[in-house]
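Visitor: I would like a close look at a single part of this model. Please keep it brisk.

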Amino acid sequence: MTQDDKFIKNLLIAKEIKNSFYYKLRHNFLYHSNKIEGSTFTTSSLALLLDKNIVEGKHTLDDVQETVNSSYVFDYIIETLDKRIDKSYLKYLHSMLKHNTSDYNKGFSGIFKKIPNMISGSDVVLVQPYEVEPKLDELLEWYYSKETISYDEIVEFHYRFETIHPFQDGNGRIGRFIILKQILENNLPLIIISWDTEDEYRKALSECRLGNYKPLIQYFSSLSDFKKDNKNLWDF
């Protein structure tokens, strides 16, 4: 068994153990990804919400709901490693993130945007609603045509996904969840886009253009490997 196989195996085992590496990874990923989108939860109040269903501090109802929902999305990402991403998969992730649990439990799959939208704080040009589905088909076909996946392909996928911006909102969080899935599936260093480097992340994203993803690749390369940094918690 390779180190990478051991990591995934132990990560799945750790899901059944409270306060394990699985929950440390989930907490860190959700804290940073949600904070980038304006969440007001601190690390301690996030832990109280996810572990004990206690809301500490003042938060909007949307923030509370999407923070809880994002934990379900995280679990689903781990449960579906190696499941092929398609448009239905993306819609399901979005329905889990943005709607009540009863909606997606009843099979509500979500919808793509109907109104042109934008990336907050970015001048990236986005596709129009009528372009979403063909552009997603093109992106997914390109991605799954690759024999091997490195950060180069993941960066390009992320940039192209964010320029498609397929949903009315929630695209940034969904895009980062996809990055997590792609990293784990391809045994790459486990980076987490952090809110304290949000400016660098958004700047790199805005400086990329189709065919030139160097700014985002350089940003990814600047992030530490969460798997390596916490090896003592899973390498047993």
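Where is the place of Lys87?

Guide: First, the ground rules. This is a predicted model, where local features need pLDDT of at least 70, side-chain atom pairs count only at pLDDT 80 or more, and totals for chains, interfaces and linings use all residues. Residues are numbered from 1 along each chain as its sequence is written, and side-chain values use heavy atoms, with hydrogens and water left out.

Lys87 sits in helix α5, residues 87-98. Helices here are DSSP runs of H or I with at least four residues, numbered from the N terminus. Lys87 has a relative accessible area of 22%. It is therefore partly exposed, a class between buried (under 20%) and exposed (over 50%), using a 1.4 Å probe and protein chains only.

Now its surroundings. Setting aside neighbours within four places in sequence, Lys87 is in contact with Phe112, Glu133, Leu136, Asp137 and Leu140. Contact means heavy atoms within 4.5 Å. With Glu133 there is also a polar contact, side chain to side chain, at 3.1 Å. That term needs a pair of N or O atoms within 3.5 Å; within protein, one must be able to donate a hydrogen and the other to accept it, and residues adjacent in sequence count only if both atoms are side-chain atoms.

One distance places Lys87 relative to Asp75. The two are 12 residues apart in sequence. Their C-alpha atoms lie 19 Å apart in space.

Elsewhere, helix α4 (residues 61-79) meets helix α9 (residues 171-185). Among the α4 residues in this contact are Phe74 and Ile77. The α9 side includes Phe177 and Leu180.

How values were computed. Helices (H or I, at least four residues) and strands (E, at least two) are DSSP runs, numbered from the N terminus. Axes are lines fitted to C-alpha atoms, for helices over the stretch in contact, and angles run from 0 to 180 degrees between N-to-C directions.
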